[in-house]
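Here is a briefing on one protein chain. Please keep the sequence and the 3D view open while you read.

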Amino acid sequence: IIDDDNLKSDENEDEQSEIDLQWIYDYAQYLFIKYIDVESEFSINVSYLAKQDLLLFFSKEMDKGFEFILNKHGISTSVLNSTENMEKETDYLMKIKDFLIHVFDTSVTEVWNLLARDTFIRFMHTDQYQYL
């Protein structure tokens, strides 16, 4: 749940709201630990590759995880330390936010495919389905 404390207003951009990057990361990590991590009580059925990609990201501290994302996409993080690259830094932050917003897309797709191809097909062959 997002409350007003997690939203920041930017007066220069017609008061558009922006969710804090740390909050996005923390919530994504919470979801990973609760539903994806192999030791989770509520672990969902996703492929080893999907879990490994997420584990590589979430096993690092936030800053190191972001460096991992940028490096994985061929972006050098050394430019982030220079002051003349503020525009690039903003672009990198947008790439990181985009990654975090879509971090579970593969997992969601895999679970959906399992439900659509396996569970629903089995349900279609039951008397309950025939009754509907």
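Helices (H or I, at least four residues) and strands (E, at least two) are DSSP runs, numbered from the N terminus. This is a predicted model, where local features need pLDDT of at least 70, side-chain atom pairs count only at pLDDT 80 or more, and totals for chains, interfaces and linings use all residues. Residues are numbered from 1 along each chain as its sequence is written, and side-chain values use heavy atoms, with hydrogens and water left out.

**Overall build**

- The protein chain has 6 helices and 2 strands.
- From the N terminus on, the order of elements is β-β-α-α-α-α-α-α.
- Buried means under 20% relative accessible area, exposed over 50%, and partly exposed in between (1.4 Å probe, protein chains only).
- Of the 132 residues of the protein chain, 23% count as buried.
- Contact means heavy atoms within 4.5 Å.
- Take the contacts in the protein chain between residues at least 6 apart in sequence: 46% of them join residues at least 24 apart.

**Largest pocket**

- A search runs on a 1 Å grid over the protein atoms alone; a cavity is a set of points where a 1.4 Å probe fits but cannot get out, while a pocket is an open set with protein on both sides within 12 Å along at least five of seven lines.
- Lining residues have an atom within 4 Å of a point.
- Grid points are joined across faces, edges and corners, and a volume is the space filled by probe spheres set on the points.
- The largest pocket holds about 230 Å³ of space.
- It is lined by 14 residues, of which Asp 53, Leu 54, Lys 72, Phe 99 and Val 103 are the closest to its centre.
- α2 (48–58), α3 (62–72) and α5 (105–124) each supply at least two residues of this lining.
- The largest share, 4 residues, comes from α2.
- Ala, Val, Leu, Ile, Met, Phe, Trp, Tyr, Cys and Pro count as nonpolar, Asp, Glu, Lys and Arg as charged, and the others, Gly among them, as polar.
- On that scheme the lining of the largest pocket has 7 nonpolar, 4 polar and 3 charged residues.

**Largest nonpolar core**

- A nonpolar core is a set of buried Ala, Val, Leu, Ile, Met, Phe, Trp, Tyr and Cys residues joined through side-chain atoms within 4.5 Å.
- The largest core has 20 residues, and Tyr 25, Leu 54, Phe 57, Phe 58, Phe 66, Leu 100 and Phe 104 touch the most other members.
- α1 (21–36), α2, α3 and α4 (86–101) each give two or more residues to this core.
- α1 gives the most, with 7 residues.
- Beyond its neighbours within four places in sequence, Phe 66 is in contact with Leu 21, Tyr 25, Phe 57, Ile 96 and Leu 100.

**Phe 104**

- Phe 104 sits in the loop between α4 and α5.
- Its relative accessible area is 16%, so Phe 104 is buried.
- Not counting residues up to four places away in sequence, Phe 104 touches Ala 28, Leu 31, Phe 32, Ile 36, Leu 54 and Phe 58.
- Phe 104 and Phe 32 are 72 residues apart along the chain, yet their C-alpha atoms are separated by 8.6 Å.

**Two sided helices**

- The arc used here is that of the directions from the helix axis to the C-beta atoms.
- In α2, Ala 50, Lys 51, Leu 54, Phe 57 and Phe 58 are buried.
- They lie on the same side of α2 because they cover an arc of only 125° around the axis.
- Tyr 48 and Leu 49 are exposed, on the face of α2 turned away from its buried side.
- In α3, Met 62, Gly 65, Phe 66, Ile 69 and Leu 70 are buried.
- These buried residues fall within an arc of 135° seen down the axis of α3, so they line one face of the helix.
- Asp 63 and Lys 72 are exposed on the other side of α3.
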